[in-house]
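Student: I have a model open and want to learn how to read its features. Where do we start?

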Amino acid sequence: MSSVIKGNLDGHDLRIGIVVSRWNREITDGLLAGARRALATCGVTDDRITVAEVPGAFEIPLVAAALAKQGCDAIVALGCVIKGETAHFEYISTVAMRGIADVARERGLPVTCGILTTYDAEQAIARSRDDEDNKGVEAALAAVESANLLRSLRSK
Ligand code: INI
């Protein structure tokens, strides 16, 4: 008989790192608020959450790697890259996305993606409001679930 291993959303004994960028701050503040709300619903207390603030999405992977070294069980990456007139958007978003995936694989812990890459400000606002579409919420829940799943797999 096959076994299905799932994570759960009980975060009471997890340490969670959040790395959040200041670029498009009104958006990333909304993502951070969403992530904090979601972690509270999972039972992650404030004293088990470390928030590191970086200038922009480009800096997120390096700081995520440093947080990983400090013993977090999972890291939530929050940022916002909005398409502009130049190719800058592609470079920043590619480095940020690939970077967090690399940190996750290299460190063996979840680094979940709450980095918005949108075509305009309206799309970013719609994904950072205080509602069910908030991507900070999604990334925080994914962090708790994935950290618990990894724990289960490693205990077998
Ligand atoms: N950083 C972002 O997080 N979002 C952006 O939209 C953005 N744009 O458009 O330039 C951005 N740039 C800054 C970048 O992430 C670095 O902080 C900066 O280049 C210093 O290394």
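Student: Which residues are exposed on the other side of helix 2?

Tutor: L62 and K69 are exposed there. Exposed means over 50% relative accessible area, buried under 20%, partly exposed in between (1.4 Å probe, protein chains only). Helices (H or I, at least four residues) and strands (E, at least two) are DSSP runs, numbered from the N terminus. The model is predicted: local features need pLDDT of at least 70, side-chain atom pairs count only at pLDDT 80 or more, and totals for chains, interfaces and linings use all residues. Residues are numbered from 1 along each chain as its sequence is written, and side-chain values use heavy atoms, with hydrogens and water left out.

Student: Which residues of helix 2 are buried?

Tutor: In helix 2, residues 60–69, the buried ones are I60, P61, A64, A65, L67 and A68. They share a side of helix 2 because they cover an arc of only 160° around the axis. The arc is taken over the directions from the helix axis to the C-beta atoms.

Student: What do the buried residues of helix 2 pack against?

Tutor: Contact means heavy atoms within 4.5 Å. The partners are strand 1, strand 2 (49–54), strand 3, helix 3 (88–107) and strand 4 (111–118). Just after helix 2, G71 has a positive phi of about 95°.

Student: How do I read a nonpolar core?

Tutor: In soluble globular proteins, nonpolar side chains tend to be buried together. A nonpolar core is a set of buried Ala, Val, Leu, Ile, Met, Phe, Trp, Tyr and Cys residues joined through side-chain atoms within 4.5 Å. The largest one here has 25 residues; I16, I18, L39, V44, V76, L78 and V144 touch the most other members. Strand 1 (16–21), helix 1 (25–41), strand 3 (74–82) and helix 5 (135–154) each supply at least two of its residues. A second, separate core of 22 residues includes A57, I60, V81 and I100.

Student: What does L78 touch?

Tutor: Residues up to four places away in sequence are not counted. The contacts of L78 include I18, L31, I60 and I115, and also S21. S21 lies in strand 1 and counts as buried because its relative accessibility is 1%.
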